[in-house]
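Please read it alongside the structure.

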Amino acid sequence: MTVNIDELKDILLKVEKPSRYTGGEYGEVKCPPSPFYFCMAFPDLYEVGMSNLGIKIVAESFIKRGYAADYCFAPYTDFGDAIKAAGVPLYSLALKKPLAEFDMIGFSLQFELCYTNLLYMLDLAGIPLRRADRAGKKYPVIAVGGPCAVNPEPLADFVDIVFIGDGESVDADVAGIYLECGGATEEFYRRAAELEGVYVPALMEVKYDKEGHICGFESNFKPRRAIVCDLDNAIFPSSQPVPNCESVFDRSIIEVMRGCYRGCRFCQAGFIYRPVRQRSVETLTRQACSLIASTGYDEVSLNSLSTGDYPHLRELLRSLKGSLPEGVTLALPSLRVDSFDSEFAQDARKISLTFAPEAGSQRLRDVINKDITEEEILSAAESAFDIGYSAVKLYFMLGLPTENDDDLKAIRRICDLIKSAYGRKKRAKSLRISVSVSTFIPKPFTPFQWEAQCTGEEVERKQNILKQTLYIKGVTLSWSDYFTSRLEAVFARGDRKLAPVLERAYRLGCRFDGWTKELKKDLWEQAFEECGVDPGIYTRERGTDEILPWDFIDIGIDKKFFARERQRAYSGVVTGSCKNACSGCGLQKKCPAARGEI
Amino acid sequence: MIAFKYTKTDGAEYLSHLDLLRHIYRTMRRADIDVAYSGGYHAHPRIFLNNPLGTGIKSVAEYGAVESTFAGDFMEAFNSRSPDGVKVTKWAYVKENPNYANCIVKCTYTAEGIQPFDIDNFLSEKSIVITDLRGREVDIRPRIYTVERRGDRLLFTLGCGENNLRPDLFCSYLEKRFGGHAEDIIKTASIMSGDEFV
Ligand code: SF4
């Protein structure tokens, strides 16, 4: 069966941006009949998902092996409600095939606040939310992957398979096993669970003690993260669908490196993507040229967690400029302060300069291992001002471990120094500084995985200090919503006991929780209350002897390393970049940096 | 300049005008059809399309022009790199911008599903007043040029540009008055004050 969009006309005419739901993108997947149908699902809007490179890589890994892969994004509530009322099932973009008819649906979990949207999409597809309610019936295998999959436990009761780590190969390997087993049989799950990068929640039992704390995991399998060692030869989609309507990033994306050398102690991405793997200048140039030719975009974005650390950046920029058609611009979204120099800055658009010192004082920056100094910020800012920048965006975190009021007040000092650096010369425009402050969220597989998250009152008190100290001309202050950060913190370090809360919240009407205007705080509170779950249990400090809900996953990094890093944080000792010296995180065998190859 | 006639079907009828312009621009980039830029601070590609068509209305008679030095087979180059719903069906070199946004004065559409009614009688009315999308009363009679029945479909020509009457609005008026539900409204011809490609 396929859904005919002509029959959806009355709905399409009533919703915002109907072209999100019609397909017909240039470069959309054209699938010949195939033995296996994979739907790459993204639990956020079309324009967000279409800007994501990861899902295109996963889709390509299926297509390369002769399987069909199509996309589906979370429809906005107007369209979702309308198709539900009309009895039309959620369908995939190119094939217009109802999701329930696929062999496997893989959801990409970019952040925890998309979890209700996963339920929303299953519901719209007419697929029972809970694994138990699907058992024994012909439904697609429900899989999840992406960064949040490193602690998938809050979703364990809803999903069949979790892909942990790099999705280039293993996801499609599972399809092969599925075909060999003639479907999602017990044998299929057992064989899949043996693969590196696969976790099957049904094959693991979590044991709790009398107080309800986890006291063990029972399973014959040890889920390990999949790591693609050779990124240069890894699968990469040389052409990609071009979205119908303007999306978050209307540009081609190449992935320069995966992983980050820095090891900032709050940053989950800095650990779960270790070790750093790079693509060569030749490969990147080839990929960029092919994407520009096949999409018609006029910008290439050089993505990675810290593109400035790419050792051949200058060579890459030169090679791209020499090979790409004239007029194509380069975007370097993740340049760090200390790698910022004016030669690169001129490639970016002169809008505003972004720094993420994360903490106001050098003391606290040492604690979090954010190895940036005031001088580095200032010299980078000054060279940017000299080429015409007049706006600076600064990102900070509030509620970091060991943070005191002086650390917060030190943010003022950075602003003052930037202002006086700007004032040193006569400039055409007046300087604008915007300070954005988010609340620290302790994440699994980081040295801060045991830390508490600040309470609401504490956050408010700290925000008031900032309001007072940052009341200066030309400086605007903004923060992320506290409740949002709290919810993210709960699910990031959550366990299986959150399943009923999640389901209840969805049934009460929560979806698109990551969108401030959609987040329904009261309904979430109601869900926690009705399920008798205290969110505080999840945001509290965890004991070092506790078994953490994600401890059963082998991410490749020793838990002892995280504990050691936490102690170093408390002593304010910086752990340098992996580029300079290996700090022995446990990945040495797989890590080119540890072998001295970088 | 190159002037061209193109389609807006297969889902492309739901593109906003700006998104359509972006699609056409990117198609040309993919196809190596060079596009001149306007001067000025906010330079924009010199692509000119006829007036926006209402969302959800298909068309096989859209017109556009592009300032380009491209010397090959424009239709073949464009269509090899365009989305399924946006295909060039005719093209020519023209001396200057035909300005389709102004010179298209009437458009012909077809639609299915409107209950048959006495067309002669309908057309003999001196004035037909409807409430438009902004809630104003307008007499649409002067904007209706022809109405014919062809088998299952109704074929009608309405004013465009200054004298514009949206076909979906016209159809919903007919639905209300005569019954039925208009399906599959397609613009089949654009009628210009001068020649198609000058
Ligand atoms: S093995 Fe060493 S160099 Fe490699 S990521 Fe771990 S700490 Fe860094």
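## A buried ion pair

Asp309(A) and Arg262(A) are both buried (under 20% relative accessible area; exposed is over 50%, partly exposed in between; 1.4 Å probe, protein chains only). The two form a salt bridge, with the closest N and O atoms 2.6 Å apart. A salt bridge here is a side-chain nitrogen of Lys or Arg within 4 Å of a carboxyl oxygen of Asp or Glu. This pair links distant parts of the chain, 47 residues apart. Asp309(A) sits in the loop between β12 (299–303) and α11 (313–323) of chain A. Arg262(A) sits in the loop between β10 (257–258) and α9 (269–272) of chain A. Helices (H or I, at least four residues) and strands (E, at least two) are DSSP runs, numbered from the N terminus.

## Basis of the model

The model is predicted: local features need pLDDT of at least 70, side-chain atom pairs count only at pLDDT 80 or more, and totals for chains, interfaces and linings use all residues. Residues are numbered from 1 along each chain as its sequence is written, chains are lettered from A and ligands numbered from 1 in the order in which they are written, and side-chain values use heavy atoms, without hydrogens or water.

## Other salt bridges

Over all chains, the count is 61 salt bridges. Asp81(A) pairs with Arg511(A), the closest N and O atoms being 3.0 Å apart. These partners lie 430 residues apart: Asp81(A) is in helix α4 (residues 77–86) of chain A, and Arg511(A) is in the loop between α18 (499–508) and α19 (521–530) of chain A. Asp81(A) is partly exposed, at 40% relative accessibility. Arg511(A) is buried, at 16%.

Glu186(A) and Arg190(A) also form a salt bridge, with the closest N and O atoms 3.9 Å apart. Why can one helix hold both partners about one turn apart? Because they are four residues apart in helix α8 (residues 186–193) of chain A, about one helical turn separates them. Glu186(A) is exposed, at 64% relative accessibility. Arg190(A) is partly exposed, with a relative accessible area of 40%.

## Chains A and B

In chain A, 26 residues contact 22 residues of chain B (heavy atoms within 4.5 Å). The area buried between the chains is about 1900 Å² (accessible area, 1.4 Å probe, that two parts lose on being put together, summed over both). Carbon and sulfur atoms give 47% of it. Lys9(A), Tyr26(A) and Gly296(A) supply 28% of the area that chain A buries against chain B, more than any other three residues.

Three salt bridges are counted between chain A and chain B. Lys58(B) forms a salt bridge with Asp6(A), at 3.2 Å between the closest N and O atoms. On the side of chain A that touches chain B, α1 (9–12) and α10 (281–295) of chain A are the elements that give two or more residues.

## Ligand shell

## Gln463(A)

Gln463(A) lies in helix α16 (residues 456–469) of chain A. Its relative accessible area is 12%, so Gln463(A) is buried. Gln463(A) touches Leu398(A), Trp479(A) and Ser480(A), not counting residues up to four places away in sequence.
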